[in-house]
Amino acid sequence: MNLRGLLQKELWSKGTTRKILIGFVVVVVGFAVVFTVEVKWITPGERVAAKQALAELDALQNFDPGNYVESFKKSTEADAMIDTADCAAWTLRDDRVVAALRSYSDWIQFTQTEVQRHRNEGRLQGSITDADRKQDQQADVVNREVGALISGALHKVLN
């Protein structure tokens with residue numbers, strides 16, 4: 001083939017441009033749909049498992065930390081439910097819900113440990129002053145308010 005024949009071949013056409021643009025739009029729309037589902041959607045299995053774990057955590061928060069054995073047992077049950085919710089997680093939003101549940105569980109365990117530590121310190125010192133009681137009551141009120149905020153946010157996400 002000579003040079004004149006090569007120059008007359010059409011390498012790019014309107015049809016080729018249209019096919020490439022349509023393919024690009026389909027890929028962009030596909031990624032947008034997948035991203036939206038990943039970020040905004042909580043799968044039904046995760047929602048059920050997370051609600052059960054949250055109910056267990058709410059019960060644990062209202063449980064008396066003075067009964068250490070029962071508190072530890074309930075904490076273990078709540079952690080098992082969080083693990084179940086973790087297994088049910090599929091999307092990024094599911095993973096964020098599980099992370100929030102784990103943080104809530106850790107916070108409850110930390111506050112109960114602190115309450116128990118303060119009680120033990122008071123028993124070791126022999127006498128608890130009114131200032132200590134008042135400080136403990138204020139800390140308890142703050143802890144309950146923070147717990148209610150965390151719990152409320154998780155309930156809002158899961159409903």
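Leaving aside its neighbours within four places in sequence, with which residues is leucine 57 in contact? In this predicted model, leucine 57 touches Ala78, Ile82, Leu101, Tyr104, Ser105 and Ile108.

**Helix H3**

Helix H3 spans residues 44-61 and comprises 18 residues. From its first C-alpha to its last it reaches 26 Å, close to the 26 Å expected at 1.5 Å a residue. The buried residues of H3 are Glu46, Ala49, Ala50, Ala53, Leu54, Glu56, Leu57, Asp58, Leu60 and Gln61. An α-helix has 3.6 residues a turn, so residues three or four places apart point the same way.

**The nonpolar core**

Leu57 also belongs to the largest nonpolar core, which has 19 residues. Leu57, Leu101 and Tyr104 are the members with the most contacts inside that core. At least two core residues come from each of H3, helix H4 (68-88), helix H5 (92-125) and helix H6 (130-158). Both Leu101 and Tyr104 are also among the contacts of leucine 57 listed above. In soluble globular proteins, nonpolar side chains tend to be buried together.

| Helix pair | Angle between axes | Axis separation |
|---|---|---|
| H3 and H4 | about 165° | 8 Å |
| H3 and H6 | roughly 165° | within 11 Å |

Angles over 145 degrees count as roughly antiparallel, and H3 and H4 are therefore roughly antiparallel to each other. The crossing of H3 and H4 is left-handed. On the H3 side, the residues that meet H4 are Gly45, Glu46, Ala49, Ala50, Gln52, Ala53, Glu56, Leu57 and Leu60. Their counterparts in H4 include Ser71, Lys74, Ser75, Ala78, Met81, Ile82 and Ala85.

H3 and H6 are likewise roughly antiparallel to each other, and their crossing is left-handed. Here H3 contributes Arg47, Ala50, Lys51, Leu54, Asp58 and Gln61. These residues meet a set in H6 that includes Asn143, Arg144, Gly147, Ala148, Ser151, Leu154 and His155.

**A position in H2**

Valine 33 lies in helix H2 (residues 14-40). With a relative accessible area of 49%, valine 33 is partly exposed. Valine 33 and aspartate 136 are separated by 103 residues in sequence and by 50 Å in space, C-alpha to C-alpha.

Methods:
Residues numbered from 1 in each chain as written. Predicted model: local features only at pLDDT ≥ 70, side-chain atom pairs only at ≥ 80, totals over all residues. Heavy atoms only, no water. Helix = DSSP H or I, 4+ residues; strand = E, 2+ residues; numbered from the N terminus. Expected span 1.5 Å × (residues − 1). Buried < 20%, exposed > 50% of the residue type's maximum accessible area, 1.4 Å probe, protein only. Core = buried A, V, L, I, M, F, W, Y, C linked by side-chain atoms within 4.5 Å. Contact = heavy atoms within 4.5 Å. Axes fitted to C-alpha atoms, helices over the stretch in contact; angles between N-to-C directions. Parallel < 35°, antiparallel > 145°, perpendicular 65-115°, else oblique. Left-handed = near helix turned anticlockwise from the far one by under 90°.
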